[in-house]
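Keep the sequence and the 3D view open.

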Amino acid sequence: MDYLVVRGSKPLKGQISVSGSKNSTLPIMAASLLCSGEVVLTGVPDLEDIKVMAQALEILGAKVKREKDVLIIDGSTVNKIELPEEISRKMRASNLVMGALLSRFHHARVAYPGGCAIGTRPMDLHLKGFQSMGFTIKEEFGFMEGLGSSLGSQEILLDFPSVGATENLMMAAVLLPGTTILRNAAREPEIVDLQNFLNRMGAKIRGAGLDTIRIEGVSRLGSVEHAVIPDRIEAGTFMVAAAISRGEVFIENVVLEHVQPVVSKLREIGAEVLTYNSGIKVVGGGRLRPADIKTMPYPGFPTDMQPQIMALLSSIVGTSVLVETIFENRFMHVQELRRMGADIKVEGRVAIIKGKNRLEGASVEATDLRAGAALILAGLFADGETHINRIDHIDRGYDKIHVKLQSIGADITRGPRT
Ligand code: UD1
């Protein structure tokens, strides 16, 4: 398996461009199953997770073609309603095909995605929502199965604004008769992108981005071309790269509103953040201060930026406190950062970081996607060489991150493990 070597202590300088959003592309690919015509997606990042979703769609009978950053999905040939374990297990987001299949065929059988490193990540909110819509749900032999009979107008209150459950339920409601109302829905920008995509195909959805979403059922969806939004987590990662390396980086292809929670915290920490129509400049050269940060559903501080901001706080002298409220086990990067000399204590969902003006390169392991990004960032600050293993996790969600960072002066190389 490949590895990355980062040699740090050098301010990054230059311009870097953000790819399309992974977390927007995945549900939109699943939603393509609703369409009996052709879907053309542009700005699609080149990532392992996207390949896994493409495989899932193909297993269900769709035709998927990729040309550079354009993905063409033909849903007219979809003829299966079952997603087997081999593919479900590879990626939690594969469960997103369930809503689309239920809506189109009133029947879906999807192998349980299981837990994952950052938490148990159950499916109860998805399944309860499908049930409220009138689907009969069975959970047996490792599969979640839904079957529809008397489906119609429904009002669903989510116990928690789950991103995946909101997306799955929106997709399930699109082709059902009557109006479905989702309350306490997730408000993430990716939900708005999914709504825009579905509406372009002929769906009647409003309210995405707010906590109540109304879906008026339609009888069919047609072909569409859609550009996915920029990846706000990749943008946030580059913003932290500028700050932690005490550099000056201009980040283009970013929607300012989507990264506002990260911008606010970086300003509180003392980084200079300048906003332009064409992007954001982050200057990390001044005196940086510790901060207290709590992850929250959007528009709060994103859990997907928690490991990266922890790397930054580890590089700032003083005590910072990070509270993780979304996932119960998302501190696995702590032990790897400690190998690099970071002083971090964890009590339940709270991490207390005593930042230092020096970290040391070490051999570390990416325990999950964003943990891997945090280690790259820590490596940019550390003295000496940081050797990062298990970068398959990083490949799931960052499109050629080492090449992009090299272009702004990072000393980072990728090597194949022999
Ligand atoms: C999505 C993102 C992921 C991000 C997360 C939170 C994608 C592909 N992934 O994941 O990068 O970290 O949002 O912003 O978009 N939960 C339940 N029952 C459920 C569903 C969720 O208890 O049925 C819990 C989860 O265990 C977790 C919390 O709700 O603790 C948030 O999960 P959710 O918002 O559903 O995250 P995902 O959609 O899986």
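Sheet and helix pair

Strand β1 (residues 3–7) and strand β23 (residues 385–389) run antiparallel and are joined by four bridges. Strands are DSSP runs of E with at least two residues, helices runs of H or I with at least four, numbered from the N terminus. This is a predicted model: local features need pLDDT of at least 70, side-chain atom pairs count only at pLDDT 80 or more, and totals for chains, interfaces and linings use all residues. Residues are numbered from 1 along each chain as its sequence is written, and side-chain values use heavy atoms, with hydrogens and water left out.

Q: In β23, which residue is the bridge partner of V6?
A: Two strands pair if DSSP finds at least two bridges between them. Four bridges join β1 to β23. In β23, the partner of V6 is T386.

Q: Which strands stand at the edges of the open sheet?
A: The sheet has four strands in the order β22-β23-β1-β24, with mixed pairing. Each edge strand has a single partner, so one side of each is left without a neighbour in the sheet; these are β22 (363–365) and β24 (411–415).

Q: At what angle do helix α8 and helix α10 pack?
A: Axes are lines fitted to C-alpha atoms, for helices over the stretch in contact (heavy atoms within 4.5 Å). Angles run from 0 to 180 degrees between N-to-C directions. The axes of α8 (residues 232–244) and α10 (residues 306–314) are 10 Å apart, and the angle is about 5°.
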